[in-house]
Amino acid sequence: MVDRQHLLADFKRLLRDMEVDLRARCDEVAQINADLMKEYEQARAANRAGITFEEWRADLITQVAVAWVLSSVFVRFLEDNALISPPRISGLLHGAGDGQGLTRARDERDVFFRAHPKQTDRDYLLAVFDNLAKLPGTKDVFGPHNPVSPYRNWLSGDAAQKLIESFQKIDVDGAGELIHDFTDPDWDTRFLGDLYQDLSEAARKKYALLQTPIFVEEFILDRTLEPAINEFGLKHLKMIDPACGSGHFLLGGFARILHHWRKEEPGTNERELVNRALASVHGVDLNPYAVAIARFRLLLAAMKECQVTRLKDVPNFQFNLACGDSLLHGSVSAQQQVMGFHELAHHYQSEDIGELRRILKGGQYHAVVANPPYITVKDQALNQAYRDRYPSVCYRAYSLAVPFMQRLFDLAC
């Protein structure tokens, strides 16, 4: 089982080491820094960044470091719960208790380096991710939507080796087992939300990262999604969380919609009902690794409901998720169009502008839910960008909850 406190403490230290490595790589590799400067200048020109380049870069470095850690956690969770085989990082052999899973993972790594003697552990981890990206179930989790993808060459081989070794540490004072064990018979992925919230103190403060308590999630869905189902029915139902974080509302909405479909069509194929429920659920978040977690959690939830226990047997689930700023992307209201405000043209590498336009098209959702960040934006340029798009509500030292309230109503049909 996952020891959340031990996992968080260990990975916080690891994250700091990886941030140091990534910062050094940005300083040492001229092309990396040049690409970053270009992206920063584009963001400044679009009034999405008013902070210094160093501050902006530090935030992105943290995002990339977290993305490497979380992607490796996804792999370990799949390995430890026997959803993939063979293990390639340090998976367990369930029921054996003799460390054979770790031995097999080390053998897999040795085989890779015999075939690719000039490559590093970064290349090895990327090969692990790329192999999973070939499977229908994890093509979005480990493919182009993975937050690591735009920055594949950033991490050094030494830092990647340290990342792998952190998953292979043995408890020498205990039973000689791996320190971090991700086995869970219920496939409970809520611990990923803890990592999202607490792994980086700087990110938690800047983005007001805070998991929505279960009772709050249920309270809100009781008063939004359930009435929407009663009024509009299930066939074309659509719900969205435009500040979805690690996906609590999405998971709750998926479970409820699936429950209603099972009651309405008890004889319909289970995979068909799961696909219908997934088609109803939409989410957007500013943080790439938050969206990655939400995507992974929905995948596990869909697999569990279909009683699929091997990743290679997972059907081609479709997830309506996108990374981006819900306040700046997507269609605007008629009032805003009259006032001359239009969709922001600029987007970061991590943002899928096509999906954002599709998902954030106004007026199409029967249920709109969110627990938006209750913070004031410190970056003056970004603060002004929100004021420009929401002039009737962004007044004085406004909280982001204010423009989000208008955005929620814009998205609702």
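Biologist: Which residues of β2 lie on one side and which on the other, and are they buried or exposed?

Modeller: This is a predicted model, in which local features need pLDDT of at least 70 and side-chain atom pairs count only at pLDDT 80 or more, while totals for chains, interfaces and linings use all residues. Residues are numbered from 1 along each chain as its sequence is written, and side-chain values use heavy atoms, with hydrogens and water left out. Strands (E, at least two residues) and helices (H or I, at least four) are DSSP runs, numbered from the N terminus. In β2, Val-281, Gly-283 and Asp-285 lie on one side and His-282 and Val-284 on the other, and all are buried, a word that stands for under 20% relative accessible area, against over 50% for exposed and partly exposed in between (1.4 Å probe, protein chains only).

Biologist: What makes β2 and β3 a pair of strands?

Modeller: Two strands pair if DSSP finds at least two bridges between them, and β2 and β3 (residues 320–323) are joined in the parallel sense over 4 bridges, with His-282 opposite Asn-320. On β1 (residues 239–241), which also runs parallel to β2 and is joined to it by 3 bridges, Ile-240 stands opposite His-282.

Biologist: Why is the pair of Phe-77 and Phe-296 called edge-to-face?

Modeller: Rings of Phe, Tyr and Trp (its six-membered ring) pair if their centres lie within 6.5 Å, and planes under 30 degrees apart count as stacked, over 60 as edge-to-face and the rest as tilted. By this rule the count comes to 18 aromatic pairs. For Phe-77 and Phe-296 the centres are 6.1 Å apart and the planes stand at 85°, so the pair is edge-to-face. Phe-77 lies in helix α3 (residues 53–80) and Phe-296 in helix α14, so the pair ties together parts that are 219 residues apart in sequence.

Biologist: What makes the pair of Phe-182 and Phe-191 tilted?

Modeller: Their ring centres are 6.1 Å apart and their planes are at 45°, so the pair is tilted. Phe-182 and Phe-191 are both buried.

Biologist: How do you know that the charged end of Arg-276 sits over the ring of Trp-261?

Modeller: A charge sits over a ring if NZ of Lys or CZ of Arg is within 6 Å of the ring centre and within 35 degrees of the ring normal. The charged end of Arg-276 is 4.6 Å from the centre of the Trp-261 ring and sits over it, while Lys-238 lies over the face of Tyr-365, at 5.2 Å from the ring centre.
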